[in-house]
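This report describes one protein chain, working from its overall make-up to single residues. The sequence and structure come next.

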Amino acid sequence: MSAEHETQTSPIGLLEELDEPAPLVGILVGSESDLEAMDPALAELRERAISHELKVLSAHRNPRGVAEYASTAQLRGVRVIIAGAGMAAALPGVVAAYSDLPVIGVPLRSSKSVGGGLDALLAIAQMPPGVPVACVSVDGSRNAAILAARILAQGGGYPQQPSLESNE
Ligand code: RP5
């Protein structure tokens with residue numbers, strides 16, 4: 001099923017998302033077991049007084065929830081999304097498929113990881129052309145927050161439209 005088809009979620013769900021107050025940074029993790037690994041990101045954003053929200057949304061277990069969040073985040077005022085996941089870490093890529101916001105992926109190591117998090121690192125870094133995800137180091141959530149802060153510090157000015165170059 002294509003991403004376009006999956007977004008056919010209920011208008012009520014979309015309205016509920018739009019109702020939520022908007023922080024500048026949205027942080028997603030794929031599981032409650034990922035939460036602790038995002039503590040350095042939360043601490044960094046808190047120290048910089050950057051508003052943020054944290055949600056547990058799994059790309060595999062709750063794909064509709066991820067689609068709803070990602071497709072409404074920009075309208076709500078979110079400017080950057082940080083997404084952390086382990087193992088077959090699809091979350092950052094799925095978020096980037098549904099949103100034009102900059103997405104920073106954090107590969108996470110868990111007890112079930114292969115190669116100390118190499119599985120998630122490759123899943124997040126090896127995105128296909130046209131769907132970009134910035135990837136920090138394994139368990140590198142602090143760097144994700146610093147990168148988000150640097151993105152927020154930019155004034156913008158470049159158009160969002162794709163260039164004439166092909167994505168292939
Ligand atoms: C991934 O699978 C999650 O991001 C997590 O890192 C890993 C294990 O999840 P749990 O089985 O602990 O929920 O999707």
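## Overall make-up

The protein contains seven helices and five strands. The model is a predicted one. Read from the N terminus, the order of elements is α-α-β-α-β-α-β-α-β-α-β-α.

The chain holds 168 residues, and 42% of them are buried. Taking contacts between residues at least 6 apart in sequence, 71% link residues at least 24 apart.

## Helices α3 and α7

Helix α3 covers residues 39–47 and helix α7 covers residues 141–153; their axes come within 6 Å and cross at roughly 35°. The crossing of α3 past α7 is right-handed. On the α3 side, the residues making the contact are Pro-40, Ala-41, Glu-44 and Leu-45. On the α7 side they are Ser-141, Arg-142, Ala-145 and Ile-146. Sorted by class, the contact of α3 with α7 comprises five nonpolar residues, one polar residue and two charged residues.

Arg-46 also belongs to helix α3. Its relative accessible area is 56%, so Arg-46 counts as exposed, the cut-off being over 50%. Between the C-alpha atoms of Arg-46 and Ala-145 the separation is 9.9 Å, while the two residues are 99 apart along the chain. Ala-145 is one of the α7 residues in the helix contact described above.

## Strand β1 and Val-29

Strand β1 spans residues 25–29, and Val-29 is part of this strand. The relative accessibility of Val-29 is 0%, which means that Val-29 is buried, since the limit is under 20%.

Which residues does Val-29 touch, not counting residues up to four places away in sequence? They are Asp-34, Leu-35, Met-38, Lys-55, Val-56, Leu-57, Ser-58, Gly-84 and Leu-91.

Met-87 is not a glycine, yet its phi is positive, at about 55°. The relative accessible area of Met-87 is 37%, so this residue is classed as partly exposed, between the 20% and 50% limits.

Asp-139 likewise has a positive phi, near 60°, and is a residue other than glycine. Asp-139 is located in the loop between β5 (134–135) and α7.

Terms used. Residues numbered from 1 in each chain as written. Predicted model: local features only at pLDDT ≥ 70, side-chain atom pairs only at ≥ 80, totals over all residues. Heavy atoms only, no water. Axes fitted to C-alpha atoms, helices over the stretch in contact; angles between N-to-C directions. Helix = DSSP H or I, 4+ residues; strand = E, 2+ residues; numbered from the N terminus. Left-handed = near helix turned anticlockwise from the far one by under 90°. Contact = heavy atoms within 4.5 Å. Nonpolar A, V, L, I, M, F, W, Y, C, P; charged D, E, K, R; others polar. Buried < 20%, exposed > 50% of the residue type's maximum accessible area, 1.4 Å probe, protein only.
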